[in-house]
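Please consult the sequence and the model shown below while reading.

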Amino acid sequence: MLRFLKSNQNRISWKLLIAGVIVGISTPWIYYIFLGLSIDNIINIGVKPIILVSSLIIIRLLLQGLRFYILLKASKVSFQTKIHECITIRVGSEFIAATSLSYIGDEIFRIGYLVKRGLDSGRAIWISYSETFYDVFIGTSINIVAAIDAFIRGDAALAFLLLTIALPILLFYLTVFLSAFYQRGIPRFLDKILSKLDRHPLFIKIVNWLKTTYESFSSSVKYFHSSVNKKLLIITILLTIVLAVIYGLSVYLIYSASGIKLSFYQSLLAVYSGTALGTLPITLGGSGTTELGVSLFVHSLTGEWAGQAVVAWRLATHITTLIITFICLLLSIRFFIKKEKT
C-alpha cells in the first residue's frame, strides 16, 4: 500500500489529463455556439476585467500553496519545508483536480509527495485531506445559504438541487473528521470488518496498513487542533475564507462588466452554487458544470443567462488555472526526481 502511494506520481493517467484539458478548452466554445454569442459580446466585457480576474485566480492559487506550507509547519514534519517547493507542489496538483475527478487526483498527488518526503501515510493523508475539509466546510456552508436564499425567492427546485449535493458532502467530511478527532482507536464497526478480513492471509498487510494509517490520521487531527497550533489553525481558516472571497469577487467583476448587476453577496452565492455542481464525483474537471451552476443561480436571480459573462468567466478562471498549474506540475516533477535520488 505504501508502495502505491510512493509511486502514484509515476502512475498519473496522462490520457485522462489530456482528455480533461481538451474538455476544458473546448467548453467555452460549446457555450459560445450553444448560446449564439458573437465575438463582440465577449469583447464588450473588456480586456481589463478578464486580466484582473485572471490575476486574482493566480493569487488564489499562490494562497493555496501558502496554506499547504502552513499545514506542513503545523504538523511538525520531520523534513525542512521550503515555501517555494510547497507552493509549486500544491499549485501543480491543482492541474490534476482541474482535469480529472474532483477531490481525488490532486489529493493522491500530494499524498504521494509527502510519503516520498518520509511521512507515514496517515499523517500524509491528513495534511492533504485537511485542505479539502476546510474548503468543503466553507463551500458547503455557503451552498446551504444559497439554497435558503433560492427557497425564499420561490425557486424550490434550485434550493433542493443545492441541498441534495451540499448536505451529503458536508456530512461525509464532518463524519470523517469527528470520528478521527474523538476516536482513540479504530472505530468498532470498522474493526469488526477488518478482523474478519484479517482471517485471510491475503488481507493481513492491508488490514495492518489500514489500522496504522487510521491511528496516525487520528493523532494528526488531534495534534493539529490542539492549543499548540491555535494561531496556525486560525490562519488556515482565515486563508480559506480569503480564498472563498476571491472566488466570489471573480464572478462579481466579470458579471458587472457584462452589465449584470450582482452584489458581492449574490456573486459569492452564485460561484459556490456552481462549485456544488462542479464537485460532483461523476463530473470531469473542466466539464463546464461549475459554469452551469453559476448560470442557474444568476438566472434564478435576474432571469438572464448572460452567456457572454459565462464564457468570459470561464476564460479568466479555468483557462488561467490550466496554464499556471500545468507549468507548476512540470516544475514539481523535479522535486519527485530529487527525492527519488535521495
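The largest nonpolar core has 79 residues, and those with the most contacts inside it are F68, L72, L114, W126, I127 and Y255. A nonpolar core is here a set of buried Ala, Val, Leu, Ile, Met, Phe, Trp, Tyr and Cys residues joined through side-chain atoms within 4.5 Å. Buried means under 20% relative accessible area, exposed over 50%, and partly exposed in between (1.4 Å probe, protein chains only). In soluble globular proteins, nonpolar side chains tend to be buried together.

The model is predicted, so that local features need pLDDT of at least 70 and side-chain atom pairs count only at pLDDT 80 or more, while totals for chains, interfaces and linings use all residues. Residues are numbered from 1 along each chain as its sequence is written, and side-chain values use heavy atoms, with hydrogens and water left out.

**Overall architecture**

The secondary structure of the protein comprises 14 helices and 0 strands. Helices (H or I, at least four residues) and strands (E, at least two) are DSSP runs, numbered from the N terminus. Of the 342 residues, 52% count as buried. Among contacts with a separation of 6 or more, 76% are accounted for by residues 24 or more positions apart; contact means heavy atoms within 4.5 Å. The accessible surface comes to about 16,600 Å², and 69% of that surface belongs to carbon and sulfur atoms. Accessible areas come from the Shrake-Rupley method with a 1.4 Å probe, and for residues only the protein chains shown count as cover.

**The core and its surroundings**

Not counting residues up to four places away in sequence, F68 touches C86, I89, R90, R110, Y113, L114, I127 and E131. S75 is placed in the loop between α4 (47-74) and α5 (83-99). With a relative accessible area of 7%, S75 is buried. Beyond residues up to four places away in sequence, S75 touches R123, W126, I127, Y223 and F224. The S75 side chain also reaches the backbone oxygen of L71 at 2.8 Å. A polar contact is a pair of N or O atoms within 3.5 Å; within protein, one must be able to donate a hydrogen and the other to accept it, and residues adjacent in sequence count only if both atoms are side-chain atoms.

**Salt bridges**

Side chains of opposite charge can pair when their charged atoms come close. The structure holds 9 salt bridges, a salt bridge being a side-chain nitrogen of Lys or Arg within 4 Å of a carboxyl oxygen of Asp or Glu. The table lists examples.

| Pair | Closest N and O atoms |
|---|---|
| R67 and D135 | 2.9 Å |
| R110 and E131 | 3.5 Å |
| E291 and R314 | 3.0 Å |

R67 forms a salt bridge with D135. Because R67 lies in helix α4 and D135 in helix α7 (residues 121-152), this pair ties together parts that are 68 residues apart in sequence. R67 is buried at a relative accessible area of 1%, whereas D135 is partly exposed at 22%.

R110 forms a salt bridge with E131. R110 lies in helix α6 (residues 105-116) and E131 in helix α7, so the pair ties together parts 21 residues apart in sequence. R110 is buried at 0% relative accessibility, and E131 is buried with a relative accessible area of 0%. R67, R90, E94, D106, R110, E131 and D135 are linked in a network of salt bridges.

E291 forms a salt bridge with R314. Since E291 lies in helix α13 and R314 in helix α14, the pair ties together parts that are 23 residues apart in sequence. Both E291 and R314 are buried.

**Surface patch and further sites**

I234, I237, L238, I241, V245, Y252 and F264 make a nonpolar surface patch of about 540 Å². Patches are made of residues with over 30% relative accessible area and no salt bridge, like charges being joined within 9 Å and nonpolar side chains (Val, Leu, Ile, Met, Phe, Trp, Tyr) within 5 Å. Helix α11 (residues 230-257) supplies the largest share of the patch, 6 residues. I237 lies in helix α11 and is partly exposed, with a relative accessible area of 34%.

Q266 is found in helix α12 (residues 264-278) and counts as partly exposed at 25% relative accessibility. Q266 and Y252 are 14 residues apart in sequence and 8.3 Å apart in space, C-alpha to C-alpha. The side chain of Q266 reaches the backbone nitrogen of S263 at 3.0 Å.

Most residues other than glycine have a negative phi. A306, although not a glycine, has a positive phi of about 50 degrees. A306 is found in the loop between α13 (289-302) and α14 (307-341) and is buried, with a relative accessible area of 8%.
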